Structure formats: structure tokens, C-alpha cells
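Please examine the sequence and the three-dimensional structure shown below.

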Protein chains: 2
Amino acid sequence: MRLVIARCTVDYAGRLTAHLPSALRLLLVKSDGSVSVHADDRAYKPLNWMSPPCWLTEEPGVWTVRNKADETLTITLEEIQHDSQHDLGIDPGLVKDGVEAHLQELLAEHVHTLGEGWTLVRREYPTAIGPVDLLCRDDSGSSVAVEIKRRGEIDGVEQLTRYLELLNRDPLLAPVAGIFAAQQIKPQARVLATDRGIRCVTLDYDALRGIESDEFRLF
Amino acid sequence: MRLVIARCTVDYAGRLTAHLPSALRLLLVKSDGSVSVHADDRAYKPLNWMSPPCWLTEEPGVWTVRNKADETLTITLEEIQHDSQHDLGIDPGLVKDGVEAHLQELLAEHVHTLGEGWTLVRREYPTAIGPVDLLCRDDSGSSVAVEIKRRGEIDGVEQLTRYLELLNRDPLLAPVAGIFAAQQIKPQARVLATDRGIRCVTLDYDALRGIESDEFRLF
DNA sequence: AGGTCGATGTCGTAC
DNA sequence: GTACGACGTCGACCT
């Protein structure tokens with residue numbers, strides 16, 4: 001990884017065109033060839049960048065970064081205040097916990113929390129427009145499609161609505177009810193779901209995990 | 001801006017929990033208080049970060065970054081290889097060209113490219129759930145709502161559908177037709193739009209700009 | 001503060 | 001490679 005602090009102008013030509021007037025900035029050149037230009041604010045997003053795979057051509061005072069789609073990032077250097085190189089090695093990478101996949105696993109193993117006597121037909125039940133998170137049967141044997149989100153917003157309701165429309169065309173399944181399950185459901189999403197006859201369920205990740213560990217304790 | 005190269009472990013607890021095993025990484029502390037942790041690959045995305053507003057507490061060997069929502073980023077430092085401070089000043093910021101706003105401007109000025117004798121009612125026509133990009137009238141005086149995207153995907157069709165549903169409840173406007181206009185329209189989005197009676201129009205940014213300059217040339 | 005929407009979104013993954 | 005959905009999406013704008 002190479003760190004350069006320099007006064008520079010930057011021009012990007014690709015999906016859009018963009019220009020950065022002259023100023024002091026951090027140029028970050030990573031070992032995969034990617035380049036990013038950072039100002040002294042905003043943790044997440046660089047002012048300008050080129051993602052790998054891409055290639056840096058270095059001429060005196062001008063860096064050109066190009067990718068396969070022929071997008072270019074041109075950095076014109078006016079004054080270099082710092083330039084250092086560091087060998088970081090390969091990063092072991094991030095370990096995550098608490099994402100949607102985990103919610104799906106947990107709820108799949110505890111569909112009875114949705115209703116007494118409910119059973120799981122399958123996770124990732126395939127449809128023409130993509131898989132439904134869970135397909136269940138309630139105690140009377142009726143089908144129920146469940147869409148799971150960490151944060152329940154309007155998009156998720158639309159997604160479930162599309163699935164329901166499709167599933168209800170299948171005479172072997174219809175009628176299929178819908179459940180919108182999320183750790184947190186935005187008021188607007190709840191209104192839309194309710195208006196469409198979709199039941200909303202708030203999930204408690206820690207509680208579901210609790211059930212898990214309780215059951216573990218039984219053995 | 002402070003640049004630190006250090007062997008460290010990182011723990012994030014907030015919307016999810018995440019852990020980074022010990023490795024050599026770049027720690028980027030910006031003057032707005034934000035902190036990001038970068039590996040030697042991927043231009044854009046830090047491994048871990050805390051966005052401003054947030055606050056860094058520095059103890060020997062342990063940094064803690066916290067925000068208002070009480071999410072925390074804990075960095076445990078094992079070995080510091082580099083530590084430098086740089087005063088970059090305020091960045092003049094990015095000048096962009098070719099984003100959706102420009103497409104909207106251009107199409108607003110050339111609604112006749114959508115149909116002979118069409119007129120613009122207004123840009124950003126307000127509805128209860130957000131503004132419609134363009135509201136037009138066709139040659140017969142009928143209303144047409146236009147949703148503009150750079151890249152036309154399924155979300156945009158859903159968005160336009162919601163607008164149309166609302167606009168068609170207004171007896172002064174109804175019936176309102178829909179146009180989904182984008183530089184590029186994904187097949188799935190086209191299918192969905194067509195199925196809902198929404199016309200799809202592919203926009204040519206350069207051509208629209210060309211019309212612009214042609215008209216300039218007339219004077 | 002909360003909602004909506006655009007983004008050079010980026011990133012993973014299934015087909 | 002393309003398409004699609006998730007993301008600690010972020011960030012900008014408006015109420």
C-alpha cells in the first residue's frame with residue numbers, strides 16, 4: 001500500500017464525468033492496483049476512485065488509472081508532501097454476525113414462533129422472479145410466504161407482494177398468505193403491508209438465539 | 001488527517017457485530033472525527049469504519065470510536081509501524097456531469113422527443129409519497145408521468161407504479177399514463193413495466209445534449 | 001428526527 | 001459474464 005499526500009487535480013471520465021479542483025489530498029494506492037482519492041472528511045467514501053481490476057500508469061506529474069471498460073482517472077500532481085510504501089500482507093478478513101442470513105436460519109428452525117403447529121416447506125423457495133425466503137404451512141395446511149429483512153422497509157413489502165402475486169397463480173399452492181418479518185419495521189412499510197393483507201412480525205434476534213441456546217441446554 | 005499503519009484487531013458492535021483478527025492495516029483518522037480501517041485491497045470500501053458524527057477516545061493500545069446511536073468501533077493496537085499527521089484543509093469538492101438530475105433537465109427541455117406536441121406541466125411534480133420526475137401532457141391533453149433513471153431497474157418501475165396509483169386517484173389528472181425513461185433499461189424492468197402498461201423509453205444523453213447544442217447554434 | 005431517493009453505489013452469489 | 005438482492009449501504013434533500 002502506498003500513501004501519498006499531494007496537491008492535485010483529478011478528472012474521472014466513465015459512467016459520468018467528474019472534476020476535482022486543485023487541493024491537498026490523500027492518494028491511496030493499494031496492492032491490487034486500485035486507487036482512491038480522499039479528502040479530510042467522510043470515513044467511507046473517497047472523493048474519486050478506480051476499483052480493481054485497473055492499471056496505474058505513472059508519468060512525471062500525471063497518474064492515469066484505467067480499467068477494462070476504458071474508464072479513466074487522471075491525477076495531476078502539483079506538489080508531493082508525503083510518499084510512503086507499506087507491505088501489509090493479505091488480510092484475514094471480516095467475521096460478521098447478525099445479518100439477514102442468520103435471521104433466516106434461526107426463523108427457519110423456529111417457524112412455530114409464527115404460529116402454533118406451523119411447519120417449514122423450505123427455505124429459499126424458488127419462483128420465476130427469485131427465491132422466497134421461507135415457504136411454510138400453517139396449522140390448517142395453508143401456504144404462507146415469509147419475507148425476512150433486518151430492517152423492514154417499503155421495498156421489502158413490494159418484493160413480497162410480487163412473490164405472492166406469482167405464488168397465488170399456482171393452483172397447487174393458492175391461496176398463499178404473506179408475512180413480512182423483520183427486526184424493525186418502518187411505519188410506512190407496516191401501513192403498506194397491512195393494506196395488502198400482509199401480516200407484519202417483529203423478530204427478536206437475541207430471543208431467537210435464546211431459544212436456540214435453551215434447546216441446546218435440553219440435551 | 002492522521003495516517004497510522006499498525007498491527008491491530010478491530011471489533012464493531014452496532015447494527016451487526018463484526019470482528020477483524022490481528023493483521024497489519026491502515027487506520028485513517030479524518031478531521032471530522034471519522035475513522036476507517038483499510039486492508040491492502042479494494043479501493044472503495046474500508047474493512048470497518050465509523051462515520052461522522054462520532055468521537056475517538058484514545059487510550060494506550062486501545063482506540064474506541066463511538067457515535068450517537070452508541071455503536072462502537074474498538075481498535076486494539078499491537079504494533080505501530082507508521083504514524084503521521086497532515087493538514088489538508090477543506091476540499092473544494094467534486095464537480096459532476098451526467099447524473100440523473102442532468103438527464104431530467106435535458107428531457108424537461110425536450111419533452112417533444114417523447115411525442116409530437118407534448119408539453120411539460122412541471123418537473124418534480126409533488127405527490128404525497130414524493131415528487132414525480134416529470135409530469136407532461138400529450139398532444140391530446142392527457143397526463144403522462146415520467147420517471148427518469150440513469151439505469152432502469154425494477155425498483156424504478158415500482159416507484160413509478162406507486163406514483164401512477166396515487167396520481168390516478170386525482171380526478172383532475174386521471175387517467176395518467178406512465179413512461180419509464182432511462183439510458184439503459186434492464187430486461188426484467190422492461191418486462192415488468194410493459195406488463196403494467198408503462199411505456200419504456202431509452203434516453204441518449206449525448207443526443208439530448210446534441211439537440212441542446214444544435215439549438216444553440218441557431219442563434 | 002424521520003422518510004425518500006440517487007449512486008461512478010459496492011459486494012456477494014446464483015445462473 | 002450477467003442479473004439480482006443485500007448492505008453497518010452512504011449521503012443529500014425535504015418535511
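**Strands and DNA surroundings**

In β13(A), A:C200 is the bridge partner of A:F180. The model is predicted, with local features requiring pLDDT of at least 70 and side-chain atom pairs counting only at pLDDT 80 or more, while totals for chains, interfaces and linings use all residues. Residues are numbered from 1 along each chain as its sequence is written, chains are lettered from A and ligands numbered from 1 in the order in which they are written, and side-chain values use heavy atoms, leaving out hydrogens and water.

Strands (E, at least two residues) and helices (H or I, at least four) are DSSP runs, numbered from the N terminus. Two strands pair if DSSP finds at least two bridges between them. Four bridges join β12(A) to the parallel strand β13 (residues 199-202) of chain A. Between them the chain passes through helix α3 (residues 187-195) of chain A, in a right-handed β-α-β crossover; right-handed means that, with the strands pointing away from the viewer, the path from the first strand over the helix to the second runs clockwise. Strand β11 (residues 143-152) of chain A also runs parallel to β12(A), joined by nine bridges, and A:E147 stands opposite A:F180. Seven of the 10 residues of β12(A) (residues 176-185) are buried, so this strand is largely enclosed by the rest of the structure; buried means under 20% relative accessible area (1.4 Å probe, protein chains only).

The largest share of the surface near DNA strand D, four residues, comes from β11(A), where near means a heavy atom within 4 Å. A polar side-chain atom of A:K149 lies 2.3 Å from a phosphate oxygen of this DNA strand.

Conventions: Buried means under 20% relative accessible area, exposed over 50%, partly exposed in between (1.4 Å probe, protein chains only). A polar contact is a pair of N or O atoms within 3.5 Å; within protein, one must be able to donate a hydrogen and the other to accept it, and residues adjacent in sequence count only if both atoms are side-chain atoms.
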